[in-house]
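This report concerns a predicted two-chain model.

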Amino acid sequence: MASKKVLVVDDEIHIVHVVAIKLRNNGYEVVTASDGAEAFEIACEEKPDLIVADYQMPFMSGLELVQKLRSSEATRDIPVILLTARSFAIEDKQKEDLGISQCLSKPFSPKELLENIEDILYQRDLVGHSADISRSLDS
Amino acid sequence: MRVGRNLYAIVTGIVLSCLLIGGLSEWQYSGAEEGWRFANFMQRWGPVALLCYIVVAVGVIWLGWCCLRLAGTITSMAKHLKQDKSAHIKPYGNAVINVLSEAVNERLDSYTHYIAQLEKQIKDLQIQIQLSQRRGKNTEAIIYSIRDAVIVVDEFDRLLMANEAAGRLFNFDITSSQHKPIGELVDPDKSEFVDILCHSRQSKARATRKEIGFLKACPEQSRRDAEPKTYDCIISCVYEGSPNAKEWGPHDQSQRVCGAVAVLHDITREKQIQQAKTDFVSHVSHELKTPLASITAYSEMLADGEANDEKTIKEFCSVIQSQAKRLNRLIEDILNISRIESGMVKVEKKPVSLTILIEEQLQMIKSAASEKNIEIIGQKPIVFDQVYADKDMISQVIVNLLSNAVKYTPAGGKVMIETEVDETANLVRVSVTDTGVGIPENEIEHVFDKFYRVDARKKYAKGTGLGLNLVKQIVEKVHDGRVSVTSKVGIGSTFGFELPLAMGETVQV
């Protein structure tokens with residue numbers, strides 16, 4: 001099975017770096033971006049399996065990025081994990097509406113982030129699998 | 001008059017007796033037997049009768065004279081009393097009059113006493129009236145001079161009293177608006193206040209407190225630039241017959257409310273400060289969490305053995321170190337600003353060379369600049385540029401200006417620092433010029449304000465809004481210098497500061 005691709009977006013270069021190393025060490029392919037606009041472009045081009053984004057970024061916040069991703073056909077279904085220094089910044093309803101899979105508050109543990117990513121991708125695979133099975137059964 | 005009356009009495013008496021005698025003699029000479037008998041009788045008893053008549057006449061005259069004298073006395077007494085109300089009646093030597101005058105005197109005495117008492121009471125009452133009038137005026141003056149708006153309404157929500165502040169706030173004339181319904185006086189955009197006032201009066205609650213926000217429309221201010229204001233509004237009901245505060249307690253619903261007093265206190269400034277504090281805490285916690293996040297993540301990676309080789313381990317460690325330094329710098333910034341503000345800062349001023357200080361700070365900023373590929377152009381060495389200053393504080397100023405310049409300059413830009421000595425003005429001028437995002441003209445005057453962050457810059461990079469405020473505080477408050485800024489959006493900014501030259505002292509570094 002081909003390795004999963006994760007896009008990591010943060011204006012803090014150290015955070016991007018550490019997440020990238022953690023994910024690469026665990027067999028993921030990683031692409032990075034330092035702001036929302038760049039992240040959107042890369043997401044459209046690379047079509048990653050998951051996006052890890054910082055909430056507060058210059059020019060385009062993590063939330064704005066998610067809104068933009070959701071409005072575009074190509075990126076609508078990509079799961080997103082938001083990293084935020086403000087635990088109260090996003091309400092549950094907003095989280096649900098925008099399809100944000102998970103919010104991790106900073107400081108975060110790379111290990112926990114990895115576990116979350118694995119969980120989300122596994123569940124998606126499962127859903128995709130069952131969809132495949134039901135499709136094959138139908139045919 | 002008295003003589004006239006007496007004469008009249010005598011003449012009347014003589015005329016009457018003459019008529020009687022005439023009548024009798026007529027009767028005597030009529031020839032009747034009875035007439036003769038009467039004549040004999042008269043001859044015998046005539047002198048006696050005359051004597052009797054004279055005696056009676058004298059008696060009558062004397063009696064009349066006495067009566068007239070009595071009347072005269074009483075008249076003079078009355079005149080006397082009329083003229084002088086407080087005087088006593090003199091004894092007139094007449095027993096009856098004396099009894100009367102004594103009785104009148106007694107009554108007079110008691111009346112005089114009573115009048116004196118009444119007069120005293122009237123005086124007391126007048127004093128009390130004056131006092132209460134003065135008290136009333138004082139109370140009014142106190143209410144008028146209160147800076148908070150005070151409005152008193154009666155049980156039908158008509159205006160009883162309003163002070164000047166209330167007149168200004170609600171834009172009505174306080175003298176001509178009495179007894180008008182409050183709803184008509186207050187502008188429709190402030191009807192929220194009227195609703196709350198009526199509601200709390202009807203509810204009979206002792207006191208109602210609510211925050212009300214409205215646009216303050218001053219007569220001299222057009223509504224367009226009226227700024228929104230927040231008021232803390234307290235409405236207290238006035239109960240009938242309980243003017244004393246001692247009756248505070250759970251109020252009785254059956255008590256009649258005869259009006260309400262509303263006090264509106266402007267809390268706009270407090271709200272702003274509160275908001276600024278909340279924003280500050282939120283900014284600061286975010287700023288503190290960012291380096292902390294790196295430290296946590298990298299140390300966890302090291303502990304988990306995710307760093308495979310020596311080079312990566314070293315790299316992780318250096319990140320942890322630099323982020324710890326960043327965290328420390330932030331905390332120092334916050335502490336310094338609060339210390340300078342509270343006047344608790346310890347200043348150690350010595351003559352120091354700015355060139356050397358700048359050189360030190362340039363070394364510190366270089367790594368951050370090279371990360372963003374920003375070229376830093378240092379200054380040419382200047383021989384005589386020592387200032388009398390606190391070395392650590394001025395270092396802080398320089399590093400704040402340099403790090404700001406690097407922070408807000410896009411990758412590949414330039415940052416230049418220059419020192420200029422103006423010997424005629426006895427100043428050293430340091431300026432930091434960047435090719436950064438710049439500051440819009442309308443925001444430039446606020447950049448040194450605490451917590452202020454230029455909108456465009458806010459999006460560009462993170463910050464607490466403290467760095468430039470710290471620069472200003474250190475330069476102006478601690479060193480009597482001056483800060484300056486010029487900027488053009490998209491081209492860059494120049495931040496500078498001036499410090500007085502230290503003359504004729506040895507330079508210590």
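## Confidence, interface and sheet

Where pLDDT is low, the predicted coordinates should not be read in detail. Chain B has an average pLDDT of 82, and 88% of its residues score at least 70. The model's ipTM is 0.89 and its pTM 0.57.

The model is predicted: local features need pLDDT of at least 70 and side-chain atom pairs pLDDT 80 or more, while totals for chains, interfaces and linings use all residues. Residues are numbered from 1 along each chain as its sequence is written, and chains are lettered from A and ligands numbered from 1 in the order in which they are written.

Between the chains, 20 residues of chain B contact 18 residues of chain A. H7(B) gives the most to the chain B side, with 13 residues. Helices here are DSSP runs (H or I) of at least four residues and strands (E) of at least two, numbered from the N terminus.

Each helix in the table supplies at least two residues of that side.

| Helix of chain B | Residues |
|---|---|
| H7 | 268-303 |
| H8 | 310-342 |
| H11 | 455-460 |

In chain B, 5 strands form an open, mixed sheet in the order E7-E9-E10-E12-E11; strands pair if DSSP finds at least two bridges between them. E11(B) and E12(B) pair in the antiparallel sense over 7 bridges, and B:Val483 has B:Phe497 as its bridge partner in E12(B).

Methods
Contact = placed C-beta atoms within 7 Å. pLDDT = per-residue confidence, 0-100.
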